[in-house]
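User: I have a chain open here and would like to talk through its fold. Could you walk me through it?

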Amino acid sequence: MHLRIALSAVAVVIVTATSACGSSSGGSGEGSAGGSGATITWSMWSGDNESTKKLEAQMAVARQLVPNVKIELQTAPWADYFTKLNANLASGKLACVTAMNGQRLSGYTAALAPLTDEDLKAAGISRGDYDPAALSVMEHGGKLYGLPYDTATMFLFYNGDLFKKAGVAEPTNTWTVDDFEAAAKTITEKTGVKGFAVSIDEFQWLSLPMAKSGTQVVTQDGRLDLTNPAFVKAAEWYAGLVTQSRVSNAVPSASESAWDPGQFETGKAAMIIDGTWNAAKYTGKDMPFTGGAVRIPGGPAGPFGVTLGSGYGIAANCENKQAALKVLGALAGPKVQAVIAEQGGYPAQLGSQPLYFQALPAESKEKLTAAFKTAFDGASAQRVTEKWTQITTAFPQELVSVYAGQKTMADALAGLQQRFAQ
């Protein structure tokens, strides 16, 4: 889903391509059917130079693993990635190896080739390499459409300096939602800094209401359930963090999807909910305060969490599937998983996950290890609907209206349920 230890510099040439599998002639995967001499384009999101350098390092290792296949990297910022993906899909130019976010997979299954056991064997990957919950992120309708490169869940990140200033004990992995709310109120009252920053972004805002209600917003059989009474009540409580207890400012506009991280990083909010992919960053030495992380506070039913992630699939229109499978196996395999761990990402493969903790600095290793262990323990695979992308696109405007007091949370959720229920 987003570096502390730099790898040895490797000269890598990035070729931006829009052809299906990146051949300079516009063909889809030129070369022999077995993959020798083929050119395979790997499409992935990247919003800045640092992110692209990480991908370059991963690609350098993959190139060593499949020296007979030319790998070319095609990137777009996250905000533009799916727009460009849709354009390439419409023109039949989807990259042979395409990155896919697990929450959006259901809308793109027709564009990706299901991976059979024979395909996995060709890629050198086994289902047993993964925790089932991590692998399920790339599954839909009983079929596997990709291999995850990372696995993630949501954390509560906090500013230890503000907790100390307010005389409040730092969060723990046994915290409840009541503990969270009490701390947010005390910090707001005693420091003049908001105790929390609400969000308009997908699981950054859904996580606390889901934890408080003990339920996901999609049922086990794939139906949208935004109007589940328990979730509605919890979501109203979440909105009240702005409108009633006032421990958070309101997000000013629907276009500011990175508003809550900005509040946290600049010391304007003591806590936020964000993904484990930011754990090394928010607890690192580059932050202007002592940062910490714990699992999401639990509700009355106990701890609650969902497993998220992203992976790589093979385009259904790829003309050289065997070469693409070799590249997929390299990018998702243990050698590149080790690179991801060193870069601060949490690998999807079970055998590579200890490398993540080994790469952590001594000052945060113990606390982060405990946070990861408890957050993933018992976490269930995230559930989405085929219209999830449209739903998450609609969230921001609705939430901004709720935070501004222009609409109730119940009405906003009812409207979304009516628009997107299948």
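Analyst: Below we go over confidence, then the sheet, then a pair of helices.

User: What does the chain average in pLDDT?
Analyst: This is a predicted model, and the chain averages a pLDDT of 90, with 91% of the residues scoring at least 70.

User: And where does pLDDT stay under 50?
Analyst: That applies to residues 1–33, although the model still has 93 contacts beyond four places in sequence for this stretch.

User: OK, the sheet. What is the order of the five strands?
Analyst: The order is β2-β1-β3-β11-β6, in an open sheet with mixed pairing, and the edge strands, each pairing on one side only, are β2 (70–76) and β6 (147–148).

User: How many bridges join β6 to β11?
Analyst: Two bridges join β6 to β11 (residues 310–314), and these strands run antiparallel; P148 stands opposite G311 in β11.

User: Which strands does helix α11 lie across?
Analyst: Helix α11 (residues 321–332) lies across β1, β2, β3 (97–101), β6 and β11, running at about 165° to β11, while helix α1 (residues 49–65) lies across β1 (39–45), β2 and β11 and runs at about 160° to β2.

User: Switching topic: how do α7 and α15 cross?
Analyst: The axes of α7 (residues 202–213) and α15 (residues 388–403) come within 10 Å and cross at roughly 80°, so the two helices are roughly perpendicular to each other.

User: Which residues make the contact?
Analyst: From α7 they are E202, F203, W205 and L206, and from α15 they are W388, T392, F395 and L399; by class, the contact has six nonpolar residues, one polar and one charged.

Methods: Residues numbered from 1 in each chain as written. Predicted model: local features only at pLDDT ≥ 70, side-chain atom pairs only at ≥ 80, totals over all residues. Heavy atoms only, no water. pLDDT = per-residue confidence, 0-100. Contact = heavy atoms within 4.5 Å. Axes fitted to C-alpha atoms, helices over the stretch in contact; angles between N-to-C directions. Helix = DSSP H or I, 4+ residues; strand = E, 2+ residues; numbered from the N terminus. Parallel < 35°, antiparallel > 145°, perpendicular 65-115°, else oblique. Nonpolar A, V, L, I, M, F, W, Y, C, P; charged D, E, K, R; others polar. Pairing = 2+ DSSP bridges.
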